[in-house]
Amino acid sequence: MKKQLIILVITLIAINGFSQDVNTFFSKADAFFKTNVSNGKVAYDKIHSNQNALNEVLKLAEGISVSKDDAKTYQAFWINAYNLSVIKGIIDKYPTNSPLDNAGFFDKTKHSLGGEKIVLNDIEHKLLRAQFNDARFHFVLVCGALGCPPLINKAYLPNTLDAQMDTQTKIALNGTFLRVNTKKKRVQASQIMEWYKSDFTMKGTKEIDFINKYREEKIPNNFKISYFPYDWKVNKQ
């Protein structure tokens with residue numbers, strides 16, 4: 001009985017410790033985004049001149065281990081970790097005109113996050129897209145370029161994650177992600193919708209069906225869809 005009690009106490013301490021760590025991470029990430037992001041753009045000059053806050057929040061992220069069983073905490077952690085690491089990648093090579101100017105930015109450069117060394121592509125494709133069938137990830141993972149959806153100036157949090165993902169998807173699909181030409185009965189979409197077409201056509205739905213789920217002004221089903229080139233210039237203030 002005494003042994004079981006000791007195990008229970010150790011477990012509760014471990015859970016409480018994790019909760020404090022991950023909540024501190026979310027809190028510091030939130031403060032960082034609020035201070036350095038405005039209208040979807042990042043204050044890279046300011047961050048580059050003082051990198052303490054960025055390094056501090058990423059140091060926290062390095063030691064946090066999140067379980068997929070707690071899906072909302074897991075997703076919120078990795079979305080924030082991805083967006084912070086993109087900023088860190090740009091700062092490490094700053095000044096730079098585009099993330100693509102730096103070889104291996106997405107597929108070779110490793111970041112210490114969640115107890116492992118991981119590249120950005122693996123966060124997006126293996127930890128998030130492969131585990132959860134949710135096309136909304138494309139509107140919250142921000143790759144540091146103007147062609148990306150706008151970066152919000154707050155952290156994604158487990159208890160508000162669904163609403164935040166919905167909001168960002170709506171902003172993109174009612175904004176610069178789409179160009180609608182009613183006369184020609186056509187719609188041009190961001191190349192993200194071309195590159196990841198399978199994510200937007202899951203369960204036999206069409207891309208326009210996905211778009212209309214979040215659009216205020218619906219697009220007729222007979223409109224043809226094409227894609228405009230992605231703008232890889234850095235999303236600098």
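The model is predicted: local features need pLDDT of at least 70 and side-chain atom pairs count only at pLDDT 80 or more, whereas totals for chains, interfaces and linings use all residues. Residues are numbered from 1 along each chain as its sequence is written, and side-chain values use heavy atoms, with hydrogens and water left out.

**Overall form**

- The protein chain contains 9 helices and 7 strands; these are DSSP runs numbered from the N terminus, with helices being H or I of at least four residues and strands E of at least two.
- Along the principal axes, the C-alpha atoms of the protein chain fill a box of roughly 75 × 45 × 30 Å.
- Of the 237 residues in the protein chain, 45% are buried; buried means under 20% relative accessible area, exposed over 50%, and partly exposed in between, with a 1.4 Å probe and protein chains only.
- Among contacts in the protein chain with a separation of 6 or more, 73% join residues 24 or more positions apart; a contact means heavy atoms within 4.5 Å.

**Nonpolar core**

- The largest nonpolar core has 71 residues, and those with the most contacts inside it are Phe33, Phe77, Trp78, Leu84, Ile87 and Leu173.
- Helix α4 supplies the largest share of this core, 12 residues.
- A nonpolar core is a set of buried Ala, Val, Leu, Ile, Met, Phe, Trp, Tyr and Cys residues joined through side-chain atoms within 4.5 Å.
- Apart from its neighbours within four places in sequence, tryptophan 78 contacts Val66, Leu113, Gly114, Glu116, Ile118, Ile123, Leu127 and Leu128.

**Cavity**

- The count is 1 cavity of 30 Å³ or more; on a 1 Å grid over the protein atoms alone, a cavity is a set of points where a 1.4 Å probe fits but cannot get out, and lining residues have an atom within 4 Å of a point.
- The largest cavity holds about 30 Å³ of space, where grid points are joined across faces, edges and corners and the volume is the space filled by probe spheres set on the points.
- Its lining consists of Val42, Tyr44, Asn83, Val86, Ile87, Val142, Gly144, Leu151 and Asn235.
- Helix α4 (residues 71-92) gives the most to this lining, with 3 residues.
- The lining has 6 nonpolar, 3 polar and no charged residues; Ala, Val, Leu, Ile, Met, Phe, Trp, Tyr, Cys and Pro count as nonpolar, Asp, Glu, Lys and Arg as charged, and the others, Gly among them, as polar.

**Helix α9**

- Helix α9 (residues 207-214) is mostly covered, with 6 of its 8 residues buried.
- The buried residues in α9 are Glu207, Ile208, Phe210, Ile211, Asn212 and Tyr214.
- These residues pack against α6 (161-173), β5 (178-181), β6 (186-190), α7 (192-195), α8 (197-200) and β7 (224-228).

**Backbone features in loops**

- Tyrosine 94 and proline 95 are joined by a cis peptide bond with omega about 0°, and proline 95 lies in the loop between α4 and β3 (110-113).
- Lysine 185, in the loop between β5 and β6, has a positive phi near 55° although the residue is not glycine.
- Lysine 185 is partly exposed, at a relative accessible area of 45%.
- Lysine 203, in the loop between α8 and α9, has a positive phi near 60° and is likewise a residue other than glycine.
- Lysine 203 is exposed, at a relative accessible area of 86%.

Methods
1 Å grid on protein atoms, 1.4 Å probe; cavity = no way out; pocket = protein on both sides within 12 Å on 5 of 7 lines; lining within 4 Å.
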